[in-house]
Amino acid sequence: MTTKETNPMAVAGPALVLLGLAVFPAVAPHFGLDYYTGFVMRMLIVMLIATSLNYLMGYGGMVALGHAGFVGVGAYALVAMTEAGVTNAWALWGGAMLAAAVAALLIGAVSLRTKGVYFIMITLAFAQMLYYLAVSLRVYGGDDGYNLYSRPVLGFGLDAADDATLYWVVLAVCAACFLFFHRSVGSRFGQALVGIRDNESRMMALGYPVFLLKLQAFVIAAAVAGLGGALMVTQNSFISPSSMHWSQSAVLIVIVVLGGLGHRWGGVIGAAVWVSLEETLRMSTEYWHWPLGALLITIILFAPEGLGALFHRSPAGKGEGRGGIFYLLRRSA
């Protein structure tokens, strides 16, 4: 009989990070760091979006170059519902998730009939269609973007206009989504998804509904990305079509690869490093892109499984890592 060994840091580490994030808005004003409450809130939202893409790519094996399109769908769904008179934040966020999920269902039903580079290109094409649709929506500002006059109402006695209050709500929402993905990966559905990633033909021969499982994962990832877009608009009170451009999807892929494709906290680690370096380098030079590019090349050459692999090694068969981006591209070819 074998016993399952658990690493205490696997539980204590995330719990300590969550605790530190929770107390940050309370202590930040005492150190003159009020600005960074909004900065960390934005980082949390990027972490959420990157984690949804990591779920799709790292565990589902679907390299989608159009994930930012669903972020935009969620954001513009919130804008449309706000224009229609909806003010409750929970209804707006739920509606944003539903809109992104419906868009993903329609797009995925077509895109998932292709594989490899064809899947990459068709997701890119659909995302650009969504981008140009947003540009053409003059009622929502078109290419100039749209400004919310006020933040949605949180209810329960919570004031969304207060950055610290909104920060704690965003943290709670992100933590719940991280927990969902954590549970999903370990579930029978998640393990079936990993099996499809590793050998789709074998899983099909075993009788698994491969297309439906992939479509379900595609919709789940898009819905959470739509939630991320809605949270982003709630924080910034602004959205523009540029957030849906294919280059933003490429940045999300870079973030996931940086953190560790197929590692449970890959999206979180990658987003934390990318957003922090982006903020720091922007204050130092206007040519901040090339140091980030050099960092990515270094990571790919010397740590192809990403930064997450440096902190966590998964037992064989658990579906994590498995060679990073090179492994995934070989399987997708």
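**Note on the predicted model**

1. Asparagine 54 has its place in helix α2 (residues 35-59); helices here are DSSP runs of H or I with at least four residues, strands are runs of E with at least two, and both are numbered from the N terminus. With a relative accessible area of 1%, asparagine 54 is buried. Buried denotes under 20% relative accessible area, exposed over 50%, and partly exposed the range in between, with a 1.4 Å probe and protein chains only. Leaving aside residues up to four places away in sequence, asparagine 54 touches Tyr59, Val256, Gly260, Leu261, Gly262, His263, Arg264, Gly266 and Gly267, where contact means heavy atoms within 4.5 Å.

2. On the basis of the note: this is a predicted model, in which local features need pLDDT of at least 70 and side-chain atom pairs count only at pLDDT 80 or more, whereas totals for chains, interfaces and linings use all residues. Residues are numbered from 1 along each chain as its sequence is written, and side-chain values use heavy atoms, with hydrogens and water left out.

3. As to the chain overall, the protein has 14 helices and two strands. Of its 333 residues, 51% count as buried. Among contacts between residues at least 6 apart in sequence, 75% join residues at least 24 apart. The accessible surface comes to about 16,200 Å², and 67% of this belongs to carbon and sulfur atoms; the areas come from the Shrake-Rupley method with a 1.4 Å probe, and for residues only the protein chains shown count as cover.

4. How do the axes of helix α4 and helix α5 cross? The axes of α4 (residues 89-111) and α5 (residues 116-136) come within 10 Å and cross at roughly 150°; axes are lines fitted to C-alpha atoms, for helices over the stretch in contact, with angles from 0 to 180 degrees between N-to-C directions. Ile107, Val110 and Ser111 of α4 make the contact with Phe119, Ile122, Thr123, Phe126 and Leu130 of α5. By class, this contact has six nonpolar, two polar and no charged residues; Ala, Val, Leu, Ile, Met, Phe, Trp, Tyr, Cys and Pro count as nonpolar, Asp, Glu, Lys and Arg as charged, and the others, Gly among them, as polar.

5. The whole structure holds ten aromatic pairs. Rings of Phe, Tyr and Trp (its six-membered ring) pair if their centres lie within 6.5 Å, and planes under 30 degrees apart count as stacked, over 60 as edge-to-face and the rest as tilted. Tyrosine 131 and tyrosine 132 form an edge-to-face pair, at 4.9 Å centre to centre and 70° between the planes. Tyrosine 131 is buried at 13% relative accessible area, whereas tyrosine 132 is exposed at 52%. Tyrosine 140 and tyrosine 146 also pair edge-to-face, at 6.2 Å centre to centre with 85° between the planes. Tyrosine 140 is buried at 17%, and tyrosine 146 is buried at 9%. Tyr35, Tyr36 and Phe39 form one aromatic cluster.

6. Phenylalanine 156, although not a glycine, has a positive phi of about 55°. Phenylalanine 156 lies in the loop between β1 (146-147) and α6 (163-186) and is exposed, with a relative accessible area of 73%. Serine 237 likewise has a positive phi, near 60°. Serine 237 lies in the loop between α9 (210-236) and β2 (238-239) and is buried, at 16% relative accessible area.
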